[in-house]
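This briefing covers the spaces in one protein model and the surroundings of its ligand. The points are grouped by topic.

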Amino acid sequence: MTAKASSGYDVDLFVIGAGSGGVRAARIAAGYGARVMIAEEYRVGGTCVIRGCVPKKLLVYASRFAHEFEDAVGFGWSAPTQTFDWRTLIANKDREIARLEAAYTSNLEKSKVEIVKCRAVMEDAHTVRLVESGARVKAAHVLVATGGTPNFGAHIAGLEHVMSSNEAFKLHELPRRIVVQGGGYIAVEFACIFHGLGSEVTLVYRGENILRGFDDDVREHLRTEMTRRGLRVLCGHTVTAVAKAADGLETQLSDGTKIAADRVMFAVGRKPNVANLGLEALGIKHAEHGGIAVDEYSRTSVPHIYAVGDVTNRINLTPVAIREGHAFADTVFGGKPAAVDHTNVPTAVFSEPEIGVVGLTESQARARLAHVDIYKTTFRPMKATLSGRDTRVLMKLVVDATTDRVVGCHIVGEGAAEMIQTIGIAVKMGATKADFDATMALHPTAAEELVTMRTKTASYLREAAE
Ligand SMILES: Cc1cc2nc3c(=O)[nH]c(=O)nc-3n(C[C@H](O)[C@H](O)[C@H](O)COP(=O)(O)OP(=O)(O)OC[C@H]3O[C@@H](n4cnc5c(N)ncnc54)[C@H](O)[C@@H]3O)c2cc1C
């Protein structure tokens, strides 16, 4: 599958989109000696660096200090007078993002990748057009790594007053009251960020419970914890209209309830950036979920055109996009065919408290496996004994009782994301419950519960095992 000699082409590889997947693919391909050009229509670094994971995590850090100040009192500290300045936070965040963007740019340049700062579209299977200048670049291979974009859902009256996560990162002021619509991780994280920073938050979600796709115990636990902390979570509702009011905005819900807010944010899903790229004319097939259809080597239905990252709508996470971009470059330019394994991807929700999960949920395991054992505990974290905070940690192991392998781990509590990264190694390696039990506990930690859960809380035999 190694790239053939590409004489007659301006470049061996043209990458559309300098985000997580595109940047990695470009650098690795250039490292193999390919002549690479990459186009970026907004800012180098893409969603993760500019308006996703990184700025989000910085805001998460900021939002958690309020709890820390409160908790400190039980440990003998006097509560400081708290003032928070949103503009300082945003200015500092912007400075860090600019630093990262410069680092990404310089790394591409050091790798001898040519960057063109404009929109690029496909003209034919080997020709990319730079929209601003109209210049055409002949490429032996093209990688579409255009990512995704916020989706606002069905049109409602007053949608022009609604912002997405993109605008939330650039607000001039912290909203005093905010309505967030959505039940996915972005909606939940922003609801917790704004709540931590002092906003009055209402989270509105049309489904029965937030975080569809996560383990049901995790969903219930987080919702209870969020409500305990004073966030209003309204499930089974939708926002049907937003109107200007004398004092900000008025949000109308499906049951007629009206909520006054300064800002309304929708985080109801993201759609792959496939529109107006010239892909349809080339006959590039789309998958049912709207992303570009690709095989395990990220090949599209048109030879020489590949796609990685959120535009393929497989698992929309930065490390996945990076791995896919790397595997593409290894396969096409490094002579090392590499397919990406999309199973057991650890993932987090940076809510308050945090979630970390890897592997199967209880319901997935029960649908797929003949015999499933569940080990579950909830407990008051040690820090809460003196802080007096009313909170509990949830830890849950899903075990394939036939093989004793731990096929899922689900944590809600402080440090869950950090814990799940390492538990992910064990789950990926096929660790058994006996391996967990044989591991010495590290005391006193919350994580020690993961290796000291001795008693099954439930055991299920599939009724109609295949
Ligand atoms: C608010 C938010 C929080 C997130 N938090 C996390 C997290 O905590 N952890 C995690 O793993 N993931 C997180 N993600 C997801 C993560 O950001 C994406 O999965 C990742 O960025 C996907 O990388 P990508 O290369 O596919 O696309 P992107 O990073 O989106 O890059 C695509 C790039 O292509 C450019 N582009 C598009 N069309 C064109 C064109 N025609 N010509 C030129 N350039 C073009 C875009 O401007 C963009 O820069 C978050 C996302 C959001 C929105």
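Predicted model: local features only at pLDDT ≥ 70, side-chain atom pairs only at ≥ 80, totals over all residues.

H3 supplies the largest share of the lining of the second largest pocket, with 7 residues.

**Second largest pocket**

- The second largest pocket holds about 730 Å³ of space.
- Its lining is made up of 36 residues, of which Pro381, Lys383, Gly413, Glu414 and Gly415 are the closest to the centre.
- Two or more lining residues come from each of H3, helix H11 (382-387), strand E21 (393-400) and helix H12 (416-429).
- Sorted by class, the lining of this pocket contains 15 charged, 14 nonpolar and 7 polar residues.

**Largest cavity**

- The count of cavities of 30 Å³ or more is 1.
- The space in the largest cavity is about 40 Å³.
- Val60, Ser63, Arg64, Glu189, Cys192, Ile193, Phe350, Ser351 and Glu352 line the largest cavity.
- H3 and H6 are the elements that give two or more residues to this lining.

**Ligand contacts**

- There are 36 residues around the ligand, and Gly21, Glu40, Thr47, Lys56 and Asp310 come nearest.
- The side chain of Thr47 has an N or O atom 2.5 Å from an oxygen atom of the ligand.
- For Ala120, a backbone N or O atom is 2.9 Å from a nitrogen atom of the ligand.
- A polar backbone atom of Asn316 lies 3.4 Å from an oxygen atom of the ligand.
- On its own the ligand has 1000 Å² of accessible area, and the protein covers 95% of this area.

**Shell around the ligand**

- Helix H1 (20-31), helix H2 (46-51), helix H3 (53-72), helix H6 (185-197) and helix H9 (318-333) are the elements that give two or more residues to the shell.
- H2 gives the most to the shell, with 4 residues.
- The shell residues comprise 15 nonpolar, 13 polar and 8 charged.

- H3 gives two or more residues to the shell around the ligand, to the lining of the second largest pocket and to the lining of the largest cavity.
- H6 gives two or more residues to the shell around the ligand and to the lining of the largest cavity.

Methods
Residues numbered from 1 in each chain as written. Heavy atoms only, no water. Near = heavy atom within 4 Å. Polar contact = N/O pair within 3.5 Å; in protein donor to acceptor, adjacent residues only side chain to side chain. Areas by Shrake-Rupley, 256 points an atom, 1.4 Å probe, with all protein chains shown as cover. Nonpolar A, V, L, I, M, F, W, Y, C, P; charged D, E, K, R; others polar. 1 Å grid on protein atoms, 1.4 Å probe; cavity = no way out; pocket = protein on both sides within 12 Å on 5 of 7 lines; lining within 4 Å. Points joined across faces, edges and corners; volume = space filled by probe spheres on them.
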